[in-house]
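Student: I have a structure open on my screen and would like to learn how to read it. Could you take me through some features, with the general idea ahead of each case?

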Amino acid sequence: WLKDGKRLSSHDGRVLRIDSVRKEDKGMYQCFVRNEQESAQGSAELKLGGRFEPPHIKEYFNDNTMQPGVSLHLKCIASGNPTPEINWELDSKRLSSTERLRIGQLITMTGEVVSYLNISSVHTNDGGHYRCVAVSKVGTAEHTAHLNVYGLPFIRPMDKKNIVSGENLFVTCPVAGYPLESITWERDNRQLPINRKQKVFPNGTLIIENVERSSDQATYTCVARNAQGHTAKGNLEVQVMGMLMFYCTFYT
């Protein structure tokens, strides 16, 4: 007996029996029979059906607080059919391997995806919200936890935010450093909120409802402070675009 061109040494005889069929058993099977005069063969393909299953995070990491200089090891395990791919994000920005940061992924014999994120020596600015995202063509699953690294306040650069007039603006300040006394938002050196449309939360989230170009298009500043008076600032440019209008004309 051969499977996918490789001999199955543990199977001899006229009958090939597979108990408790698993995903790795699918493939092309061939049976060869020989005597002194001639030989014959037969083949069959084993296909495994089953319904699609959206990704599911089976094992994940928790919130953590640590000193700079130590190693960080995060792990996510996900399952699904088809097998999902796992991506990593820090404060909603996609991560990739660097000299200090390594991302790896492997698939187990049972079809689960194991993904690792390792940082050899964490810095204060490595703190933030880490997210592992398992993605396949039938769905998405994700898990987020917060990492605090002791040190002075730090704010990562923020990309320009384009938003359509009438929508709600939702942004969280990408802040690091620990411990922090406050995270606030300002506009034109005035601390928000300054009207009912604006909402600011202690975790650094800013919400502006029903944005308008005339009143809300501006540069906003996130300010992080610690108890010793050290501060960090980061600017966010918000551009409000006009609402798109479509007109259709019908001829009869």
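Student: Numbering the bonded cysteines of the chain in sequence order, what is the pairing?

Tutor: A disulfide is a pair of cysteine sulfur atoms within 2.5 Å. By this rule there are two disulfides here, and with the bonded cysteines numbered in sequence order the pairing is 1-2, 3-4. Bear in mind that this is a predicted model, in which local features need pLDDT of at least 70 and side-chain atom pairs count only at pLDDT 80 or more, while totals for chains, interfaces and linings use all residues. Residues are numbered from 1 along each chain as its sequence is written, and side-chain values use heavy atoms, with hydrogens and water left out.

Student: Which cysteine does C76 join?

Tutor: C76 is joined to C132, S to S 1.9 Å. The angle about the S-S bond is -60 degrees, and this link of C76 and C132 is left-handed. For the next bit you need strands: they are DSSP runs (E, at least two residues), numbered from the N terminus, as are helices (H or I, at least four residues). C76 sits in strand 7 (residues 72-81) and C132 in strand 12 (residues 128-136), so the pair ties together parts that are 56 residues apart in sequence.

Student: Are C76 and C132 buried or exposed?

Tutor: Buried means under 20% relative accessible area, exposed over 50%, and partly exposed in between (1.4 Å probe, protein chains only). Both C76 and C132 are buried. C173 counts as buried because its relative accessibility is 3%, and C222 is buried with a relative accessible area of 0%.

Student: What is N87 in contact with?

Tutor: Contact means heavy atoms within 4.5 Å. Leaving aside neighbours within four places in sequence, N87 is in contact with R94, R131, C132, V133 and V135. You'll find N87 in strand 8 (residues 85-90), and N87 counts as buried because its relative accessibility is 16%.

Student: What joins the side chains of N87 and R94?

Tutor: A polar contact is a pair of N or O atoms within 3.5 Å; within protein, one must be able to donate a hydrogen and the other to accept it, and residues adjacent in sequence count only if both atoms are side-chain atoms. The side chains of N87 and R94 are joined by a polar contact of 2.9 Å.
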